[in-house]
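Dear colleague,

I am handing over the structure that we discussed, and my notes on it follow directly below.

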Amino acid sequence: MTTTTIGRRQKKPHSSNVRAARLSEVRFIVLLLLPGTALLVGVVLYPLLRSLASAFFAESLLYPGATWVGLQNVIDVLQDGFAELLSQTLIFTIGATIVPFIVGLALALVLNEQFRGQRFLRGAFLIPWLIPGVVVSFLWMWIFDANYGVLNGVLMQLHLIDTPIAWLFNTDTARGALIIAKSWNSFPWVMVMLLAALQTVPGELHEAAAMDGAGPIRRFFAVTWPHIAGVAGLVILLEFIWNFQHFDTIFVLTGGGPAGTTQTFATEVYDTAFKGYDLGHAGALGLLWMGLLLILVVVYVRFSERGEK
Amino acid sequence: MTAQLSRRDMFRYSAVGLGGIALAGLATGCAPVAAGGGSATKAPPAGPTNFDFVSWGMSEEATKPALQASVNAFAKKDAIEIATSSYPFNDYLNQLTLQVRGGQFTGAAQLDVAWLSSLAALGKLDDLGAKAEGRGYTDAALQAGQIDGKQFGLPWTIAAIGLVSNTELFDKAGVSQAPATIEEFEDALTAIKGLGGGIVPYAASTKTAQLKDILVWMQTFGSPIIDGEKCTIGDAESIAAVTWYKKLFDAGLIAPDVDRAAARALFSQGKTAIYDDAPVARASVLKASPDASLGGKMAPIARPVKKAGDTPQELLWGHLLVVVDGKGADTAGDFAQWMTSDPAQTISYFTALGLPPTTEEALASSAVSGNVFVDAFTANITKDAKASPLWKYVQYGQMETAIAEQVQAVLIGSASPKDAMKAAGQKVQSLIG
């Protein structure tokens, strides 16, 4: 039998007194676990199960009561634009994962070199990460606004455009704007993680490769990348998971528009529940969304375990 | 202390715990939520009590000082405390619905007339019929707060959402009088665009939050929106209205990314000649404008009609005060009554914000009748105002969003007006049931 031992290992108890003492100690441990468990149950598990249960009921936010409908809500959701929603979510997720990764990696490589002002830049580049997501979103909304946005103002001053561009009112530019805004917020985290990994790469390997005539690109792929690949993979996976469930930038910047073309699972669940008052379909969408997230979490756990080994 | 817990023990404890949680969760999911207690009978407290008041007015810079002063005056009069909270207008209904449904809010609440059906469906609003008796409200105002004969809301201000113009820009563009027909309206917008300088001739709503404004244009083109219990969106008239809107958009006569707040900002900066708003706009627009004389240039104009002789289509607009049953509800009802019908209070509130009152006495006062802007607004717009045919449906918010998204699809060119309006009509019909 596999056992978990807490404290110093003891001989296996046999007498009834020892068994009673052991049971009371078990109870004591359970008591210690109770506050944390209660918090987990109250704040995470109960709301989660409650909302997942909604998936199987016809339930409105406005009317009391709920009627069992089995899998009908799930079927409705799958038949009503689910593929489109998944594709829109993936476009945002992939874009908002790749862009900050490239920017973060480039900056990490630069900041890993010794030069004047390097320490200052390491700190300065962290600022976007320290600003709350909602504030970042409003900042970018001000930049991208068609009528009084900074970006149009600058482009018009430079005579690059004659009339303002409606960045958030065109499907492609709205998607691009969302990815840029989210990437601006998250690239510092990627940069810090990769910078930490880069500092574990032995300098001698670079020197040896350079002596063998390897240029910077060859050295990056032959020496640097193999050392940081594990961290890079983890960073990409975590960014992907976070972006897959991201809400605030999309909600503030486009609200899922124009015409629902930047809607993702997160904003659609919100709209269905709180604008459509339809808890049943929101729950069904949440159920499917969570199923997809669980796949990503399993990949993450496997990846972490492989890293530990 | 030493204890040995086998992994199986841990799993057993966890399984029991999680099973219990799951059952509790499912049971709650299945359990019917308690019906509203709005009509529950219980003895009111002997004297005034503390209560909560929620509004969006407190979150807006232009209205907060006057509203706070009114709240303070009532609290002082009855020696009570009123706890105030606020949410921005666009999130207000969602937040209030959640609070009321969850039993976390009781007391007085500001409400848009369009939201009464949705909130009343929760079954927690008090019938304020007794509070309305003998207070001198106009019949039209009282009706705005009624559902099936029950007075769920006391009318606070009633007017309309109509077109507000900048006469200076009209003059500069050579438009000497307000356009009366769609054709004249288009000509006027084209002339205003000719002024250049990045002026948006008509700051019509193009963001989903206020794209519901398109409904009144559909009515102008002759679509009733709802006929009996049938949604008519998708008919030739609604398609013609959206085709026209798209034409204005493509010609740069209306602009992308505009909602009410953006339109007010453009108007206050002299960057648009016309936009849709209620009389409440005047205070916030003037406060934000660098042009001290803008007030004298603001003129409410009747919405153009399809052909000369038609009656202009205007949308009723107004605020109610409702009372959510529970702690402090009786005093909250008194507060609602005082705010909406006390002669001194209603006139001082009107003087501060220009929000038309709802009692005969206040409307006849010199303060109201002598206000040029409100007088013109009433004469040109409010006199023709009607409630939206969608307001009677609890799902009206969902309906307006569905229509707005389809109109937006037309504007960005991803759907034809015909297909988009057909889809919108089907969605609305499915919500009607």
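In helix H12 of chain A, the buried residues are Phe265(A), Ala266(A), Thr267(A), Glu268(A), Val269(A), Asp271(A), Thr272(A) and Ala273(A), where buried means that 20 or more other C-beta atoms, placed from the backbone, lie within 10 Å of the residue's own, against 12 or fewer for exposed and anything in between for partly exposed. The helix, which runs over residues 265–275, is thus mostly covered, with 8 of its 11 residues buried, and just after H12(A) the residue Tyr277(A) takes a positive phi of about 55°. Helices (H or I, at least four residues) and strands (E, at least two) are DSSP runs, numbered from the N terminus.

This is a predicted model, in which local features need pLDDT of at least 70 and side-chain atom pairs count only at pLDDT 80 or more, while totals for chains, interfaces and linings use all residues. Residues are numbered from 1 along each chain as its sequence is written, and chains are lettered from A and ligands numbered from 1 in the order in which they are written.

Chain A as a whole contains 13 helices and 3 strands. Its radius of gyration is 26 Å, well over the 19 Å that the globule rule gives for 309 residues, so chain A is more spread out than a compact globule; the radius is taken over C-alpha atoms, and the rule is 2.2 Å times the number of residues to the power 0.38. Along its principal axes, the C-alpha trace of chain A spans about 85 × 65 × 30 Å, and buried residues make up 33% of the 309 residues in the chain. The assignment divides chain A into domain 1 (16–54) and domain 2 (72–308), with bounds that come from an automatic or database domain assignment, and the centres of these two domains, taken over C-alpha atoms, are separated by 37 Å. Of the contacts in chain A between residues at least 6 apart in sequence, 68% join residues at least 24 apart, a contact being a pair of residues whose C-beta atoms, placed from the backbone, lie within 7 Å.

The largest nonpolar core has 184 residues, of which Ala177(A), Leu194(A), Leu119(B), Ala203(B), Val322(B) and Val407(B) touch the most other members; such a core is a set of buried Ala, Val, Leu, Ile, Met, Phe, Trp, Tyr and Cys residues joined through C-beta atoms within 7 Å. Helix H8 of chain A (residues 171–198) gives the most to this core, with 14 residues. Leaving aside residues up to four places away in sequence, Leu194(A) touches Gly104(A), Leu105(A), Ala108(A), Ile228(A), Val231(A), Ala232(A) and Val235(A).

Turning to chain B, its assignment gives domain 1 (51–158 + 318–379) and domain 2 (160–315 + 389–432), with centres 27 Å apart when taken over C-alpha atoms. Between them, 16 residues of domain 1 are in contact with 17 residues of domain 2. On the domain 1 side, helix H3 (89–101), helix H4 (116–120) and helix H18 (372–380) of chain B each supply at least two residues, and H18(B) gives the most, with 4 residues. That side has 11 nonpolar, 4 polar and 1 charged residues, where Ala, Val, Leu, Ile, Met, Phe, Trp, Tyr, Cys and Pro count as nonpolar, Asp, Glu, Lys and Arg as charged, and the others, Gly among them, as polar.

Val374(B) lies in helix H18 of chain B and counts as buried because 23 C-beta neighbours are found inside 10 Å. Residues up to four places away in sequence again set aside, Val374(B) touches Pro279(B), Gly354(B), Pro356(B) and Val368(B).

Two strands of chain B deserve a look together. Strand E13 (residues 314–324) has 11 of its 11 residues buried, and strand E11 (residues 272–277) has 6 of its 6 residues buried. Strand E7 (residues 153–166) pairs in the antiparallel sense with E11(B) over 4 bridges, and E7(B) also pairs with E13(B), antiparallel, over 8 bridges; strands pair if DSSP finds at least two bridges between them. Tyr275(B) in E11(B) stands opposite Val164(B) and is also the bridge partner of Ala203(B), while strand E8 (residues 200–203) runs parallel to E11(B), joined by 3 bridges.

With best regards

Conventions: Contact = placed C-beta atoms within 7 Å.
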